[in-house]
Amino acid sequence: MFGWVVPTLKGWFCGPDNETPDAGRFLWFLSGVSAIGYSGAHLYLNGEFAIVEFGAGMSAILLGGFGIAAKDKGSKEARL
């Protein structure tokens, strides 16, 4: 009944071979979940949420994920 869960999670968090974990994909997932959580908490506690400031901080974190993805792409091309 829930046989679709593992392939879906592998597609979200693993690289092109669906076996090796990909840090960049995990960072994207984490940023989306944290944006939803932080915005909800701030709206509940303060009544406001500064998405621009959150986005600027998250983009700095995701630049690390982009660097990892670029390294992975470069190492894949080097193996071919």
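I count a residue as buried when its relative accessible area is under 20%. With that cut-off I listed the buried residues of α2: Gly24, Leu27, Ser31, Ser34 and Ser39. The model I am reading is predicted.

**Entry 1. Overall layout**

I looked up the secondary structure first. The protein chain has three helices and zero strands. Along the sequence I read the pattern α-α-α. Of its 80 residues, 16% count as buried.

**Entry 2. Helix α2**

I tested the length of α2. Its 23 residues, at 1.5 Å a residue, should span 33 Å. The end C-alpha atoms of α2 are 32 Å apart, which agrees. Just after α2 I noted Gly47, which takes a positive phi of about 85 degrees.

What does Ser34 touch, not counting residues up to four places away in sequence? I find Ser39, Phe54 and Met58. Ser39 is itself on the list of buried residues of α2.

**Entry 3. α1 against α2**

I describe two packed helices by the angle between their axes and the distance between the axes. For α1 and α2 the angle is about 100 degrees, and the axes are 7 Å apart. An angle of 65 to 115 degrees counts as roughly perpendicular. I therefore record α1 and α2 as roughly perpendicular to each other.

Which residues meet where α1 packs on α2? From α1 I have Gly11, Trp12 and Phe13. From α2 I have Arg25, Phe26 and Phe29. By class, this contact has four nonpolar, one polar and one charged residues.

**Entry 4. Aromatic rings**

I searched the whole structure for aromatic pairs and got four. One of them joins Trp12 and Phe13. How exposed is Trp12? Its relative accessible area is 49%, so I call Trp12 partly exposed.

At a relative accessible area of 38%, Phe29 is partly exposed.

I then grouped the rings. Trp12, Phe13, Phe26 and Phe29 form one aromatic cluster. I had already listed each of these four where α1 meets α2.

**Entry 5. Cys14**

I moved on to Cys14, in the loop between α1 and α2. Is Cys14 buried or exposed? Its relative accessibility is 10%, so I count Cys14 as buried. I looked up the neighbours of Cys14, leaving out residues up to four places away in sequence. Cys14 touches Leu9, Glu19, Thr20, Pro21, Asp22 and Arg25. Arg25 also belongs to the α2 side of the contact with α1. Last, I took the C-alpha separation of Cys14 and Phe26. The value is 8.5 Å, for residues 12 apart along the chain.

Conventions:
Residues numbered from 1 in each chain as written. Predicted model: local features only at pLDDT ≥ 70, side-chain atom pairs only at ≥ 80, totals over all residues. Heavy atoms only, no water. Phe/Tyr/Trp six-rings, centres within 6.5 Å; stacked < 30°, edge-to-face > 60°. Buried < 20%, exposed > 50% of the residue type's maximum accessible area, 1.4 Å probe, protein only. Axes fitted to C-alpha atoms, helices over the stretch in contact; angles between N-to-C directions. Helix = DSSP H or I, 4+ residues; strand = E, 2+ residues; numbered from the N terminus. Parallel < 35°, antiparallel > 145°, perpendicular 65-115°, else oblique. Contact = heavy atoms within 4.5 Å. Nonpolar A, V, L, I, M, F, W, Y, C, P; charged D, E, K, R; others polar. Expected span 1.5 Å × (residues − 1).
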